[in-house]
Amino acid sequence: MIVVAGEALIDLVPQGPGALAGLKPALGGGPYNTAVALGRLGSPSAFCSRTSYDAFGEALLGNLRATGVDVSAVQRGHEPTTLAVATLDVNGSAAFSFYVEGTADRLFAAPDALPTGTRAVSFGTCSLVLEPGATAYETMMRTAAAQGVFTALDPNIRTSLIHDADAYRDRFRSWLPSVTLLKLSEEDADWLGGSPREWLAAGPTAVVITHGGDGLSVVTRDGAEYSVPGEKVDVVDTIGAGDTVNAALLHGLSAQDALSADGLASLGADGWTRLLRFAARAAAITCSRAGAEPPYASEVGEV
């Protein structure tokens, strides 16, 4: 089982141009989207978070159940669901404003144990910024790594939520010894500073960087580098594209029996190229439709 840990929220997506365009609610949150994508790809998966008892919270959990994602590790609260208001540029790229004060997902508590059969745990986005939940997720990450569980991290930087950039960068670097696979966008990499070589020296076995429509690349601890181009598609918006990449990487690694540091190290040129191409196909499909709507296995094919 692949466990995804982090926030579930509601994206409010504009249905036209301008600041006062109508907003349509959509199920979202980086970790949530990753869990949904894993379920649609057919990977046994579970979601570990804290959601509200309000109507939005019920809708979030209902969709996970319908996708086949185990929600038994989800904590519940009576606080409201977090809201993220999206703004789309002319290329369909999304920026977000967040409404997070007093919301349910911030009060996540680290579980006593991982779900039975956990092979990997994925972390990232707002859940590693907003306290007190951020410390709980961080504890969960360190505990999983200490138990030898494969850990994946996508920082998915939301600068509007980070009030002390230097403190966050220091915290990011402190996570790296507990990370097996680091995935981040080119923009996130630039904001964080450093380089894949520096990050690899601190802990991860591989660093995957997304380059928008230009594709994906990976740098591995043994010095290898591989890249694939992006899939050409008419972009509606990019909401959930990076989360789909996360899911595709984890699903593809599981399919190749490579959810371990040794497994990553043994992929080689062919294994990495096939994996990155699979992730690029999956992300392109997500970009071709509105909101975070990742593909099903039948749409994206085999790794």
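This briefing walks through the overall build of one protein chain and then visits some of its residues. The model is predicted. The secondary structure of the chain comes to 10 helices and 14 strands. With a radius of gyration of 18 Å, close to the 19 Å that the globule rule gives for 303 residues, the chain is as compact as a globular protein of that length.

**The chain as a whole**

- Along the principal axes, the C-alpha atoms fill a box of roughly 50 × 45 × 40 Å.
- Of the 303 residues in the chain, 55% are buried.
- Take the contacts between residues at least 6 apart in sequence: 69% of them join residues at least 24 apart.
- The accessible surface comes to about 12400 Å², and carbon and sulfur atoms account for 52% of it.

**Aromatic rings**

- Five aromatic pairs are found in the structure.
- Why does the pair of Phe108 and Tyr137 count as stacked? The ring centres are 4.0 Å apart and the planes meet at 5°, so the pair is stacked.
- This pair links distant parts of the chain, with Phe108 in the loop between β8 (94–99) and β9 (120–124) and Tyr137 in helix α3 (residues 133–146), 29 residues apart.
- Both partners are buried: Phe108 has a relative accessibility of 3%, and Tyr137 has a relative accessible area of 1%.
- Tyr168 and Trp175 make an edge-to-face pair, with 5.7 Å from centre to centre and 85° between the planes.
- Tyr168 is buried at 5% relative accessibility, and Trp175 is buried at 0%.
- Which residues do ring pairs link into a cluster? They are Tyr168, Trp175 and Trp191.

**Glu138, a buried charged residue**

- Glu138 is found in helix α3, the helix that also holds Tyr137.
- Is Glu138 buried or exposed? Its relative accessibility is 14%, and buried means under 20%, so Glu138 counts as buried.
- Setting aside neighbours within four places in sequence, Glu138 is in contact with Leu128, Arg171 and Trp175.
- Trp175 also belongs to the aromatic cluster described above.
- From Glu138 to Ser127 is 11 residues in sequence and 9.3 Å in space, C-alpha to C-alpha.

- Gly30 is found in helix α1 (residues 30–41).
- With a relative accessible area of 9%, Gly30 is buried.
- Which residues does Gly30 touch, leaving aside its neighbours within four places in sequence? Gly30 is in contact with Glu7, Thr125, Asn156 and Asp243.
- Gly30 and Ser160 are 130 residues apart along the chain, and their C-alpha atoms are separated by 16 Å.

- Most residues other than glycine have a negative phi, and most peptide bonds are trans.
- Thr125, one of the contacts of Gly30, has a positive phi of about 65° although it is not a glycine.
- Thr125 lies in the loop between β9 and α3 and is buried, at 5% relative accessibility.
- Asn156, another of the contacts of Gly30, also has a positive phi, near 45°, and is a residue other than glycine.
- Where does Asn156 sit? Its place is in the loop between β10 (150–154) and α4 (165–175).
- Asn156 counts as buried, with 12% relative accessibility.
- The peptide bond that joins Glu131 and Pro132 is cis, with omega about 5°.
- Pro132 is in the loop between β9 and α3, the loop that also holds Thr125.

**Thr67 in helix α2**

- Thr67 is found in helix α2 (residues 55–67).
- A relative accessible area of 16% makes Thr67 buried.
- Leaving aside neighbours within four places in sequence, Thr67 is in contact with Val36, Gly39 and Arg40.

Terms used:
Residues are numbered from 1 along each chain as its sequence is written. This is a predicted model: local features need pLDDT of at least 70, side-chain atom pairs count only at pLDDT 80 or more; totals for chains, interfaces and linings use all residues. Side-chain values use heavy atoms; hydrogens and water are left out. Helices (H or I, at least four residues) and strands (E, at least two) are DSSP runs, numbered from the N terminus. The radius of gyration is taken over C-alpha atoms; the globule rule is 2.2 Å times the number of residues to the power 0.38. Buried means under 20% relative accessible area, exposed over 50%, partly exposed in between (1.4 Å probe, protein chains only). Contact means heavy atoms within 4.5 Å. Accessible areas come from the Shrake-Rupley method with a 1.4 Å probe; for residues, only the protein chains shown count as cover. Rings of Phe, Tyr and Trp (its six-membered ring) pair if their centres lie within 6.5 Å; planes under 30 degrees apart count as stacked, over 60 as edge-to-face and the rest as tilted.
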